[in-house]
Structures are given as structure tokens and as C-alpha cells.
Amino acid sequence: MALDQSFVGRTYPPTEPYEVGREKIREFAEAVGEANPVYTDPEAAKAFGHPDVIAPPTFVFAITYRAAGAVVEDPQLGLDYSRVVHGSQKFAYTRPVRVGDRLTVTSTIEGIKSLAGNDVLDIRGEVYDEAGEHVVTAWTKLVARAAEEA
């Protein structure tokens with residue numbers, strides 16, 4: 001069953017703040033094989049004009065994807081998560097994510113379409129710091145595969 005188009009434009013409440021820690025950034029950088037020292041060495045980050053280490057660009061996916069859970073778990077939307085695959089991801093940064101940031105994410109459904117029986121859901125996550133300043137926008141595309149015919 002196709003997802004309800006009336007959900008396009010629906011915005012979900014902001015998440016609780018996520019505090020970005022130096023160790024989380026280091027662990028993430030190592031996990032994705034990112035060797036740039038601005039992600040692990042405070043002195044290297046300072047040499048590039050940052051107050052402390054910064055996060056690799058895809059670090060924010062962890063919190064924006066979690067925030068998109070409010071959309072995915074909305075019982076009124078009726079998305080069958082057991083059929084969902086991650087379609088694509090993109091980011092537009094105002095500034096890098098830094099150690100000590102307390103970030104919130106507000107998710108909005110930007111689009112719903114049906115292609116060959118598959119539902120395609122586009123979710124925009126707006127990430128703000130504790131001062132209310134924009135940090136990054138993340139776009140997540142989820143595809144709910146069509147049910148197989150018996």
C-alpha cells in the first residue's frame with residue numbers, strides 16, 4: 001500500500017540534545033578509515049583554525065538517522081520498516097560539527113513517491129546547536145521495497 005502523500009511537509013519535534021564528544025569523533029574517524037588529524041588531534045585541528053577536533057562529514061548521520069526514526073516509527077504513516085533500505089544520503093554544512101556541540105535534529109518529510117511499487121521517502125534533518133545556530137542539513141532517502149507477490 002502506497003504511503004499517504006498528505007504526510008509531505010510534516011515536521012516532527014526536535015530530538016533531545018546530543019553532546020558531541022572527542023572520543024566519539026575519534027572512534028568514528030577510525031571506524032571509517034579517516035586519517036586526517038583534524039578529526040583526532042586537537043593541536044592539528046587548532047592549526048587549521050578550529051577550537052578543537054571536528055567531526056568527519058558523515059559523523060552527523062548517526063544522529064540524523066536516529067532522528068528520522070520519529071518518521072519511520074510514526075504509526076499513522078504506515079511504513080513497513082522491515083522492507084526499508086537506505087537509498088542515499090547528502091549533507092549541506094554551515095560549519096563543522098565540533099567537540100562540545102549539543103545538537104538537536106528536526107525531521108521533515110520532504111517527499112513521498114511510489115516507483116514500481118516501491119515507496120520512496122525523502123526526509124530532511126535540520127541540525128542546530130545549543131545556541132540555535134544551524135550546523136548542517138541532512139537529506140536521507142529511504143526505500144520501502146514492494147511486497148513480494150505470493
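Colleague: What percentage of the 150 residues of the protein count as buried?

Modeller: Of the 150 residues, 39% count as buried. A residue is called buried under 20% relative accessible area, exposed over 50% and partly exposed in between, with a 1.4 Å probe and the protein chains only. Please keep in mind that this is a predicted model: local features need pLDDT of at least 70 and side-chain atom pairs count only at pLDDT 80 or more, while totals for chains, interfaces and linings use all residues. Residues are numbered from 1 along each chain as its sequence is written, and side-chain values use heavy atoms, with hydrogens and water left out.

Colleague: How many helices and strands are there in the protein, and how do you know what to count?

Modeller: There are 3 helices and 5 strands. They are DSSP runs, numbered from the N terminus: H or I over at least four residues makes a helix, and E over at least two makes a strand. Along the sequence they follow the pattern β-α-α-α-β-β-β-β.

Colleague: What are the spans of the C-alpha trace along its principal axes?

Modeller: The trace spans about 60 × 30 × 20 Å.

Colleague: What makes a group of residues a nonpolar core, and which residues have the most contacts inside the largest one?

Modeller: Its members must be buried Ala, Val, Leu, Ile, Met, Phe, Trp, Tyr or Cys residues, joined through side-chain atoms within 4.5 Å. The largest such core has 20 residues, and those with the most contacts inside it are V20, I25, F59, I63, V97, L103 and V127. Two or more residues come from each of α1 (22–31), α3 (61–72), β3 (102–115) and β5 (134–144). Another core lies apart from it, with 15 residues that include L3, F7, V71 and L77.

Colleague: Which residues is I63 in contact with, leaving aside its neighbours within four places in sequence?

Modeller: I63 is in contact with Y18, L103, V105 and V127. A contact here means heavy atoms within 4.5 Å.

Colleague: Why is the pairing of D129 and R95 called a salt bridge?

Modeller: The rule asks for a side-chain nitrogen of Lys or Arg within 4 Å of a carboxyl oxygen of Asp or Glu. In D129 and R95 the distance from N to O is 3.0 Å, so the pair passes that cut-off. As a general point, side chains of opposite charge can pair when their charged atoms come close. D129 sits in the loop between β4 (118–128) and β5, and R95 in the loop between β2 (84–93) and β3, so the pair ties together parts 34 residues apart in sequence.

Colleague: How do you know whether D129 is buried or exposed?

Modeller: Its relative accessible area is 14%, which is under 20%, so D129 is buried. R95 also has 14% and is therefore buried.

Colleague: Which side chain meets D122 in a salt bridge?

Modeller: That is K141, at 2.6 Å from N to O. D122 is in strand β4 and K141 in strand β5, 19 residues apart. The relative accessible area of D122 is 19%, under the 20% limit, so D122 is buried. K141 has 25%, which falls between 20% and 50%, so K141 counts as partly exposed.

Colleague: What makes R124 partly exposed?

Modeller: R124 has 21% relative accessibility, a value between 20% and 50%, so it gets that label. R124 forms a salt bridge with E126, their closest N and O atoms being 2.9 Å apart. E126 has 17% and is therefore buried.

Colleague: How many salt bridges does the structure hold?

Modeller: It holds 12. Among the residues involved, E19, R102 and E130 are linked in a network.

Colleague: Is S6 buried or exposed, and what is the reason?

Modeller: S6 has 54% relative accessibility, over the 50% limit, so S6 counts as exposed. S6 lies in the segment before β1.
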